[in-house]
Amino acid sequence: MPKSAFFSALQAELDRLDQAKVSKRNENVIESFTSDPSPKAVIQGKQYTIFNSNDYLGLRHHPVLKEADHATVEKFGTGPGAVRFISGSLQMYKDLEQAIAKFHGREDAMVVSSAFATNVAVMSCLIKGQSKESMVSENSLVISDELNHRSIIEGIRAASIDSTHKAIFKHMDAEDLRRVLEENKGKFARIIVVTDGVFSMLGEYQDLAKLRAVIDAYDATYPEGIVLVVDDAHGVGCFGTTGRGVEEVCGAKADVLVGTLGKAFGTDGGYVVGDKVVIDYLRESAATYVYSNSISPGTAGAALKAFEMMQEAEGTQLLKQSRDNIALFKKLMSEEGLVFAAESTHPIQPLLIGDPAKAKQVKLGLYEMGYLVTNINYPVVSKGRDEIRIQISAAHTQTEIETFVKAVKSVM
Ligand SMILES: Cc1ncc(COP(=O)(O)O)c(C=O)c1O
């Protein structure tokens, strides 16, 4: 059967990935969580303290969010029923979008099923018009930080533009962005500059103030100007004094900001905020929004509660606890002589290992001792910079952080 020949090729590819030890599908399966304030993952009956989650504030187990989820399900049911333009939006989606827009100080927000789908929507739709009749020309140059997240790359691919319409600037190098803008003067109607806010491998962040200064200097050079798109999935909700992310840390704003509900906000889904005209345009043209269900109503209810909480005393306290935990962790690590792959003030803290085999050993050693961490290897990080990515949560207790650092030291 010809089909079995194709499936054999699929199996051969799986075997290749397994042999290269880069397969991802045999992940740990978490059977349940313990019910203490810093919940542990239960895997094959054993408890593990989690140091590899994006749930930076511990909100996914928060009783108030769970309660909001349940109450919203009671009111709106367990699913959206259809995409929004078919059988109508739920009021909960509207309420959530208003809360998100207000939180980020923007005119409007649009919620999509995930931040990945949001980036695909934003990039494909801003780069060029989505139909032959569209009033939006194809004449954009998209300039991307060389280490941007896969979802941004897929969004650019979804626009189906040729390589002459794409450029990269060196990682976190505003002067290199200036070079690209200078070289392309007069060649394009508009420029889309796109970057991650916080980069998830090292916890480092793009200096938006520097990018903004370069962009503002060149804005008038292009007939339709320059739009700065920032995906701050790892920053929103947990970074900056009030959790407004890299924008708050840098004191500069994106034109279009993408965030996720699935990390610090403890729920699931993605969103984009910006001027009303941009969001309206995306609601008309973004395939991953128009033709795909939104998040579940319960998730929206819980997410709305998370945004409310961030602006109350509890949110302020969680952010302070997050900062205190990060500071304690860094202090204890340096007292033990352990070296980081980068200096980070974000919950992502990368322990430098420098060798892929050793990184795996350290991860497995910590697993044996009841800790979940992630090893990150070349080519995701540069050669010799293999690391253990540790993610600190506001829910971690002081004792957990102290015993974890001792465990890291002993395994190293
Ligand atoms: C920078 C960045 N953008 C987008 C995403 C995708 O987020 P989501 O899980 O909401 O699709 C991730 C997820 O890891 C991310 O790190």
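Colleague: What distance separates the centres of domain 1 and domain 2, taken over C-alpha atoms?
Modeller: Some ground rules to begin with: this is a predicted model, where local features need pLDDT of at least 70, side-chain atom pairs count only at pLDDT 80 or more, and totals for chains, interfaces and linings use all residues. Residues are numbered from 1 along each chain as its sequence is written, and side-chain values use heavy atoms, with hydrogens and water left out. Domain bounds come from an automatic or database domain assignment; here they give domain 1 (24–53 + 313–411) and domain 2 (63–310). The two centres lie 28 Å apart over C-alpha atoms.

Colleague: How many residues of domain 1 are in contact with domain 2?
Modeller: Contact means heavy atoms within 4.5 Å. By that rule, 19 residues of domain 1 meet 18 residues of domain 2. Buried area is the accessible area (1.4 Å probe) that two parts lose on being put together, summed over both. The two domains bury about 1,300 Å² between them, with 64% of it on carbon and sulfur atoms. On the domain 1 side, Leu319, His346 and Ile348 supply 38% of the area buried against domain 2, more than any other three residues.

Colleague: How many salt bridges does the rule find across the interface of domain 1 and domain 2?
Modeller: A salt bridge is a side-chain nitrogen of Lys or Arg within 4 Å of a carboxyl oxygen of Asp or Glu. Across this interface there are zero, while the whole structure has 24.

Colleague: Which elements supply at least two residues each of the side of domain 1 that touches domain 2?
Modeller: Helices (H or I, at least four residues) and strands (E, at least two) are DSSP runs, numbered from the N terminus. The ones you want are helix H13 (313–335), strand S11 (348–352) and strand S14 (387–391). H13 gives the largest share of that side, six residues.

Colleague: Which residue forms a salt bridge with Asp176?
Modeller: Arg179 does, with the closest N and O atoms 2.7 Å apart. Asp176 and Arg179 are separated by about one helical turn because they sit three residues apart in helix H7 (residues 174–183).
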